Amino acid sequence: MSKVGVMVMGPAGVGKSTFCNSMMAYMESQGRSANLVNLDPAATAHEYEFTIDIRDLISLDDVEDELKLGPNGGLIYCFEFLLKNLDWLDDQIGDYPDDYLIFDCPGQIELYSHIPAMPIVVKHIQQQLNFNLCCTYLIEAPFMVDRAKFFSGALEAMSTMIFMELPHLNILSKMDLVKGKMSKREVRKFLCPDPMLMNDDEVQDDQKDLILTNPKYRRLNKAIAQLVDDFGMVQFLPLDCSDRDKSESLRTIVTCIDNMTQWDENQEPKDPAEDMEEPEDPEDQ
Ligand SMILES: Nc1nc2c(ncn2[C@@H]2O[C@H](COP(=O)(O)OP(=O)(O)OP(=O)(O)O)[C@@H](O)[C@H]2O)c(=O)[nH]1
Ligand SMILES: [Mg+2]
């Protein structure tokens, strides 16, 4: 018996919902069951239906209309409302013996860095509902073009890891967008971030205008990159959701999640007799 939950977190537009849907499709292809839980009060329709949807409790549209709040204040209100109604979540999640829940979370990173709502929800699902949870945190592969931006994303990922206190997996999403632009060797330096990257100022000509790093901050950037490396805390797995037939990256990520959540260990041993055909009853012949 296992109750496993994967929290899918990361900044806005990084590909969280696409990853959730791709995971659902992958699970389906493997004959495994999984359910999608929407924790984003501003979500739009998904390819896979939500089993549990926070919008049945409260939606950002309603909060914006009725309380005249903006999108960020409205989202915080929605999470404060969820905290006051955690019994709603208990009722929805119920007491199923064999659940694999994929939680699609909102893209406001304040939820992962300083507002305590998300850690409280996470602790509740872990401790009251007995789920083995892990966190996946996505940043976009095109960040690799601007190294300061990449390390800033890596720090956000590290902050989420510390804030959530969950087994944590970082993912570089949208890898298809850098295919052909970076060699595999170059990409490997980002998967286990190498502080020497900050010494290397090679920037493609068409990107030069976009790089805003003031030279006076370079030493600081290098020191931060060195810190990330010294603690060896931030590593990434690549993800490409553009072509589901090539689901190699998804397979690796799901295997990693299975290890972090001990999904395999908690599976009931299958009775070999279940797979065997029933012997024919001699009296029927
Ligand atoms: N090329 C490419 N585009 C992707 C990939 N994953 C997601 N996208 C696109 O990125 C955009 C945002 O994707 P979403 O999955 O909605 O991102 P999100 O993180 O859920 O966004 P919010 O919920 O608004 O924070 C969409 O246009 C997706 O089609 C990918 O692997 N490759
Ligand atoms: Mg989304």
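Guide: Glu140 stands opposite Ser173 in strand 6. The model is predicted.

Visitor: Which way do strand 5 and strand 6 run, and how many bridges join them?

Guide: Strand 5 (residues 132–140) and strand 6 run parallel, joined by six bridges.

Visitor: Which strand is joined to strand 6 by three bridges?

Guide: That is strand 7 (residues 236–238), again in a parallel run. Here Asn170 is placed opposite Phe236.

Visitor: How should I read the two faces of strand 6: covered or open?

Guide: In a regular strand, side chains alternate between the two faces of the sheet. In this model, His168, Asn170 and Leu172 lie on one side, Leu169, Ile171 and Ser173 on the other, and all are buried. Thus six of the six residues of strand 6 (residues 168–173) are buried. For the chain as a whole, 34% of 285 residues count as buried.

Visitor: Which residues have the most contacts inside the largest nonpolar core?

Guide: This core has 63 residues, and those with the most contacts inside it include Ile171 and Leu172, along with Met7 and Val8. Beyond its neighbours within four places in sequence, Val8 is in contact with residues including Lys16, Phe19, Ile102 and Thr136.

Visitor: What surrounds ligand 1?

Guide: A shell of 16 residues does, the closest being Gly15, Lys16, Ser17, Thr18 and Gly107. Four of the shell residues are nonpolar, seven polar and five charged. Helix 1 (residues 16–29) gives the largest share, three residues.

Terms used:
Residues are numbered from 1 along each chain as its sequence is written. Chains are lettered from A and ligands numbered from 1 in the order in which they are written. This is a predicted model: local features need pLDDT of at least 70, side-chain atom pairs count only at pLDDT 80 or more; totals for chains, interfaces and linings use all residues. A residue is near a molecule or strand if its C-beta atom, placed from the backbone, lies within 6 Å of it. Helices (H or I, at least four residues) and strands (E, at least two) are DSSP runs, numbered from the N terminus. Ala, Val, Leu, Ile, Met, Phe, Trp, Tyr, Cys and Pro count as nonpolar, Asp, Glu, Lys and Arg as charged, and the others, Gly among them, as polar. A nonpolar core is a set of buried Ala, Val, Leu, Ile, Met, Phe, Trp, Tyr and Cys residues joined through C-beta atoms within 7 Å. A residue is buried if 20 or more other C-beta atoms lie within 10 Å of its own, exposed if 12 or fewer, and partly exposed in between; C-beta atoms are placed from the backbone. Two residues are in contact if their C-beta atoms, placed from the backbone, lie within 7 Å. Two strands pair if DSSP finds at least two bridges between them.
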